[in-house]
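Here is a short tour of the spaces in one protein model and of a few residues that stand out. Keep the sequence and the structure in view while reading.

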Amino acid sequence: MKHLWLSIALFSLSTFSMADTIPFDLSINGDLFNIQKTFKLSDIGEGKNKINFDFTDKNGKTYNFDLKYKKLPSNRSYPTNLDITIKDHQGHKLGYLFLANNGVQSLKKLGVFGLILDIDGKEADIRFVFDNNKKGTLSVADLGEERFVQDTLIPKFGFQMIRPVILPKTEEGIRSITYKLDDHPYAVNYTILDMQNGNIEFQHNLFAQQGKTNHLLERIYFHADSIETLREAMYAGKFFHKTDGTFKLVFYPAMGQTEPPK
């Protein structure tokens with residue numbers, strides 16, 4: 001009987017551990033890239049908490065992808081975070097994403113998120129897919145009273161802008177708003193798009209303003225299938241400009257949200 005209970009306990013432990021390690025697809029796509037990979041990610045202490053590899057563009061230039069899954073201090077509002085860094089072959093940082101979360105199962109709940117970077121003047125979409133088949137209940141029409149916190153920092157300019165924003169409807173299935181960063185030739189934009197199956201895509205964009213056109217430097221995006229998923233998202237992204245230094249984009253839902261209209 002003792003051996004039977006030991007076998008059951010070991011089986012239960014094994015089942016629990018397997019449940020805390022989940023697969024995901026990683027792609028890096030764009031004019032210069034076409035990379036597809038599959039990895040597994042574990043909760044803290046379950047083993048698969050680091051991913052590092054070099055990749056090349058279509059011109060033969062080498063870059064580095066680095067992911068670390070970390071435990072946050074107990075005084076933080078989230079227990080864990082993904083720490084994602086993209087570098088060039090000389091070790092210079094190109095982009096960074098800190099994605100706070102409530103464990104790997106919450107990443108599966110989020111489903112899809114990513115980071116688009118300007119690399120040599122071309123967009124590179126670094127996309128994480130933990131679940132691409134979610135069916136939800138959220139739409140742009142539900143978000144007319146939802147507030148988001150816009151927080152942008154540019155240390156070189158001594159610039160910071162923090163403000164809660166409500167995104168106005170710009171066309172059917174789209175809410176969007178853009179803010180110029182004072183007299184600096186840059187702007188930030190929040191956009192929400194309706195997706196299929198009751199999901200939305202939230203985009204946080206950093207643009208360089210070139211005359212009357214906007215050139216995308218960085219986009220942080222994620223999908224949400226419910227208001228609860230949307231309000232759980234919290235991240236800080238960085239874009240490393242060759243001349244103007246680091247741009248930091250922080251996102252968190254406003255506290256005390258009113259419920260969306262029924």
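**Enclosed spaces**

The model is a predicted one. How many cavities of 30 Å³ or more does a search of the whole structure find? There are two.

The largest cavity has a volume of about 100 Å³. Its lining draws two or more residues from each of strand E6 (93-101), helix H2 (104-110) and helix H3 (227-232). H2 gives the largest share, four residues. Leu-99, Ala-100 and Asn-101 are among the lining residues, and so are Thr-229, Glu-232, Ala-233 and Met-234. The lining also includes Ser-106, Leu-107, Lys-109 and Leu-110. By class, the count is six nonpolar, three polar and two charged residues.

The second largest cavity holds about 40 Å³ of space. Here E6, E7 and E15 each supply at least two lining residues. The largest share, three residues, belongs to E15. Among the lining residues are Ile-220, Tyr-221 and Phe-222, along with Phe-113 and Gly-114. Nine lining residues are nonpolar, one is polar and none is charged. Leu-99, Leu-110 and Ala-233 are part of this lining, and these residues also line the largest cavity.

**Open spaces**

The largest pocket contains about 410 Å³ of space. It is lined by 18 residues, and the closest to its centre are Leu-94, Asp-118, Ile-119, Asp-120 and Lys-242. Strand E4 (62-71), E6, E7 and strand E16 (234-241) each give two or more residues to that lining. E16 leads with three residues, the largest share.

The second largest pocket has about 170 Å³ of space. Asp-131, Asn-132, Asn-133 and Lys-134 are among the residues that line this pocket. So are Met-195, Gln-196, Asn-197 and Asn-199, and also Val-112 and His-223.

| Pocket | Nonpolar | Polar | Charged |
|---|---|---|---|
| Largest pocket | six residues | six residues | six residues |

**Two residues with positive phi**

Asp-120 has a phi near 55°, which is positive although the residue is not glycine. Asp-120 sits in the loop between strand E7 (112-119) and strand E8 (122-129). Is Asp-120 partly exposed or buried? Asp-120 counts as partly exposed because its relative accessibility is 42%.

Asn-197 is another non-glycine residue with a positive phi, about 60°. Asn-197 lies in the loop between strand E13 (186-194) and strand E14 (200-210). Its relative accessible area is 46%, so Asn-197 is partly exposed. Asn-197 also belongs to the lining of the second largest pocket.

**A buried charge**

Glu-218 has its place in strand E15 (residues 213-224). Glu-218 is buried and has no salt bridge. Which side chain of opposite charge is nearest to Glu-218? It is Arg-219, 10 Å away.

What does Glu-218 touch, leaving out residues up to four places away in sequence? Its contacts include Leu-115, Ile-116 and Leu-117. Further contacts include His-204, Asn-205 and Leu-206, as well as Gly-237, Lys-238 and Phe-239. Tyr-96 and Leu-249 are touched too.

Note on methods. Residues numbered from 1 in each chain as written. Predicted model: local features only at pLDDT ≥ 70, side-chain atom pairs only at ≥ 80, totals over all residues. Heavy atoms only, no water. Buried < 20%, exposed > 50% of the residue type's maximum accessible area, 1.4 Å probe, protein only. Lys, Arg positive; Asp, Glu negative; His and termini not counted. Salt bridge = Lys/Arg side-chain N within 4 Å of Asp/Glu carboxyl O. Contact = heavy atoms within 4.5 Å. 1 Å grid on protein atoms, 1.4 Å probe; cavity = no way out; pocket = protein on both sides within 12 Å on 5 of 7 lines; lining within 4 Å. Points joined across faces, edges and corners; volume = space filled by probe spheres on them. Nonpolar A, V, L, I, M, F, W, Y, C, P; charged D, E, K, R; others polar.
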